[in-house]
Amino acid sequence: MRLTPLALLASAIFAPAVLAQTLSEAPTRSLGTVTVTSPQPSSLPSQIPTTMEGITGQQIEATVNATDSEDALKYFPSLLVRKRYIGDYNHAVLSSRASGTGNSARSAVYADGILLSNYLGNGATYAPRWGLVTPEEIARADVMYGPFSAAYPGNSVGAVVDYVTRMPKQFEAHVKAGYFSQPFELYNTGSTYNGYQTSASLGNKSGDWSWWLNVNRTDSHGQPLTFPTRAISTSAPAANAVAVTGAVPGLDRTGTPWLILGTATEYHTIQDHAKVKLAYDISPTIRASYTLGYWQNSSEGRPDSYLRNASGAPVTSGPISINGKGYALTPTDFNLSNEAIEHVMHGLSVKSNTRGTWDWEAAASLYSYQKDQLRAATVALPAALSGGAGTIQDQDGTGWHTLALKGIWRPAGIGGAHIADFGYQQENYKLHVLKSNIAGDWRSDAAGSLNNEVGGKAQLRSLYAQDRWALTPQWQAVLGLRAENWTASDGYTRFSSTSTANTSYGNRSENFFSPKAALSYRWSDDTVLKASTGRAVRMPTVSELYGATATTNSKYINDPNLKPEKSWTSELTAEKELASGLLRMTFFTENVHDALYSQTTFDAAANSNISRVQNVTRMQTNGVELAFSGVDVALRGLDLSGSVTYADSRIKENSGFVRVAGDTLGKVQPRVPVWRATALASYRIDPKWTATVGARYSGNQFSTLNNEDTNGFAYQGSSKYFTTDLRVRYQLAKQWTASFGIDNLNNYQYWNFHPYPQRSYSAELKFDL
């Protein structure tokens with residue numbers, strides 16, 4: 001399917017209803033600066049110097065097939081969450097206008113002000129902790145694009161996502177049960193992967209006390225995610241090679257012929273979520289809140305060999321012969337893994353809301369890996385099913401904690417010319433990854449000899465201040481400054497007690513300043529012009545600095561001397577209120593020095609993936625984003641909204657390279673497509689029926705810095721896509737609702753290293769009291 005830019009622009013009016021807020025929960029707009037007002041307190045600054053997009057919990061329930069909290073962002077302009085299956089807990093990275101799905105540290109995700117982004121590392125395995133929020137909890141989700149608020153660290157360069165979860169004003173109870181199913185066909189795999197999800201919520205407010213309890217269980221089977229492969233051999237088979245059939249010929253992401261031998265990493269995951277929120281109104285203007293979140297995940301990754309011998313039995317190890325050529329299978333080609341995770345989150349805050357001259361907040365949070373163990377077999381099937389040697393990776397004790405002290409000063413009151421935000425923030429990160437060998441039973445035995453160990457700490461301390469200044473009734477300015485002190489310490493890498501590669505790293509301490517500025521002008525009663533600019537410094541993560549690892553099939557090379565990533569981002573926006581909605585056009589540019597990239601290349605001689613972190617000298621992104629949102633467009637009950645984004649993101653300077661010097665210059669930034677679009681049309685047929693149709697589009701993209709992966713429709717490739725979604729919701733009775741949904745209705749097969757889900761069905765029944 002080919003979609004031209006003109007066709008995309010023409011279809012923009014059919015895209016996401018993320019701005020169609022109810023009056024009581026909508027952000028109010030004043031001269032292009034968004035002020036958040038809501039029945040729920042928000043962790044966002046009181047004045048936000050840039051455009052925001054938002055969606056309410058009611059809209060999510062009515063229009064989005066949401067099984068995970070990240071689904072709330074599905075139709076936001078320029079955003080994509082790399083969710084591979086329902087319950088994806090370790091690869092669901094958020095990408096934005098000028099940041100791809102390989103850069104998890106270039107966005108910031110919060111829930112009620114508690115940090116969910118995982119800045120222990122950068123990349124697929126350091127996705128935000130989405131599982132600590134369920135869709136049923138969400139009262140509102142807001143997104144701020146770009147680093148234009150001094151209240152956020154440099155990780156906000158891509159986007160800031162803030163979930164506000166429910167806090168009841170009276171007794172309420174909710175129960176929901178859902179079922180989902182995905183028929184999946186790829187290569188020699190043809191199967192249906194099913195799952196279910198149940199949740200219950202209970203809350204009340206009595207006097208000065210409020211409380212909320214939410215529990216959720218997800219039991220999900222995802223489609224296969226990885227595939228053992230071999231380049232076409234020219235060698236004769238070994239004397240004891242087994243002749244096999246079933247290998248699937250194809251082309252890799254560079255267009256080179258290869259063979260797909262089977263599947264691996266087909267996850268069956270069982271996740272439990274529990275959260276307790278308590279709030280006490282110390283006075284009519286001061287509230288104390290405490291949040292306790294618990295999330296556990298038990299998952300099994302299982303493979304399936306396509307290879308069959310003469311008698312039809314599966315072949316999973318040893319020398320083999322395919323079409324008269326010789327190959328050798330390693331014990332980990334068809335890998336088995338078991339993972340057990342228990343994470344706990346605490347959040348405590350005391351906040352005033354006088355809306356007078358002064359307001360303040362003190363908040364602290366803790367995210368702890370109480371248990372985080374990944375067990376994997378190193379013996380071949382079928383022996384691995386009943387035990388044998390393996391490894392265990394243990395991250396127990398890893399985590400982060402934060403402290404934030406905030407103030408708001410309104411010298412002339414809520415409607416005065418100046419509103420100033422200021423504060424102090426501290427973030428502490430600790431990474432400890434211990435990988436050990438297991439000689440006996442990989443499924444249950446204790447850790448044995450050391451395989452490798454990585455550890456280190458990082459701290460970010462920040463002071464910030466910003467002032468919204470109403471110059472005249474038509475003009476407003478926002479000026480801000482953020483000062484940061486970053487330290488990295490106690491870093492080490494060990495491979496064995498006697499290895500010469502064991503390294504301890506020296507401590508680092510650096511200071512940075514990031515100015516911010518925004519200006520808005522009300523051109524007319526219905527038109528606002530805005531300009532924003534801001535500097536962001538994204539610090540290297542502990543894993544990037546110290547996380548060297550080596551296995552049979554891969555090697556990760558760290559760099560303790562990585563420079564922080566420094567970005568200047570600017571945008572120029574025009575917003576026009578229409579009779580039934582809001583039209584926005586934003587021109588944006590981002591200039592990044594020392595961009596931090598982890599690049600994976602394949603070493604054919606070693607039959608191994610080599611990953612290394614490097615600073616890319618300079619990247620430049622220029623683009624435009626068009627968004628529309630309307631309520632009751634053309635006829636009563638029809639909400640239409642949409643977005644189209646164009647981004648030209650290229651490597652301008654780079655002393656590093658992938659294969660040869662200069663091979664990345666002028667290339668497109670990985671995972672940042674030139675064109676993308678979203679669409680959503682929701683029609684309230686009558687008080688009982690709501691029907692919604694959505695669509696998402698992304699153009700061609702690359703995964704490598706040198707853009708050699710020209711075949712996106714392949715394992716490890718990144719392809720274009722166009723998918724459509726359907727949701728129908730019916731109010732059975734006053735307290736009962738039923739919903740049916742289809743994601744990827746047109747069954748588009750597309751890739752982002754792993755295959756995305758194919759056509760998937762969901763049904764749910766909900767009771768509200």
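Predicted model: local features only at pLDDT ≥ 70, side-chain atom pairs only at ≥ 80, totals over all residues.
## Strand pairing, salt bridges and a nonpolar patch

In strand β25, the bridge partner of Asp394 is Leu434. Residues are numbered from 1 along each chain as its sequence is written, and side-chain values use heavy atoms, with hydrogens and water left out.

### Strands and sheets

A word on terms before we go on. Helices (H or I, at least four residues) and strands (E, at least two) are DSSP runs, numbered from the N terminus. Two strands pair if DSSP finds at least two bridges between them.

Asp394 and Leu434 belong to the pairing of β23 with β25 (residues 418–438), which is antiparallel and covers five bridges. β23 is also joined to β22 by five bridges, again in the antiparallel sense. In this pairing Ala377 stands opposite Gly390 of β23. The loop between β22 (358–377) and β23 (390–394) holds Pro382, and a cis peptide bond, with omega about 0°, joins Leu381 to this proline.

Which strands make up the open antiparallel sheet of three strands, and in what order? The order is β13-β16-β15. β13 (229–231) and β15 (248–251) are the edge strands, each pairing on one side only. On average, neighbouring strands here are turned by 35° against each other, direction ignored; axes are lines fitted to C-alpha atoms, for helices over the stretch in contact, and angles run from 0 to 180 degrees between N-to-C directions. Four bridges connect β15 with β16 (residues 257–260), and Pro249 has Leu259 of β16 as its bridge partner.

β14 runs parallel to β19 (residues 318–322), joined by two bridges, and Val242 is the bridge partner of Ile320 in β19.

### Backbone exceptions

Most residues other than glycine have a negative phi, and most peptide bonds are trans. Asp490, in strand β27 (residues 475–494), has a positive phi of about 55° although it is not a glycine. Arg671, in the loop between β36 (638–653) and β37 (675–684), likewise has a positive phi, of about 65°. Are these two residues buried or exposed? Buried means under 20% relative accessible area, exposed over 50%, and partly exposed in between (1.4 Å probe, protein chains only). Asp490 is partly exposed at 43%, whereas Arg671 is buried at 12%.

### Salt bridges

A salt bridge is a side-chain nitrogen of Lys or Arg within 4 Å of a carboxyl oxygen of Asp or Glu. By this rule the count comes to 42 salt bridges. The table shows some of them.

| Salt bridge | N to O distance |
|---|---|
| Glu61 and Lys766 | 3.2 Å |
| Asp648 and Arg650 | 2.9 Å |
| Arg659 and Glu708 | 2.9 Å |

Glu61 lies in helix α2 (residues 57–63) and Lys766 in strand β43 (residues 760–768), so this pair ties together parts that are 705 residues apart in sequence. Glu61 is partly exposed at 21%, while Lys766 is buried at 11%. In the second pair, Asp648 is partly exposed at 26%, and Arg650 is partly exposed at 30%.

### A nonpolar surface patch

Patches are made of residues with over 30% relative accessible area and no salt bridge; like charges are joined within 9 Å, and nonpolar side chains (Val, Leu, Ile, Met, Phe, Trp, Tyr) within 5 Å. Accessible areas come from the Shrake-Rupley method with a 1.4 Å probe, and for residues only the protein chains shown count as cover.

One nonpolar patch of about 800 Å² includes Phe171, Trp209, Trp211 and Leu769. β12 (209–221) and β17 (262–283) each supply at least two of its residues, and β12 gives the most, with four. Phe171 sits in the loop between β9 (159–165) and β10 (172–186) and is partly exposed at 43%.
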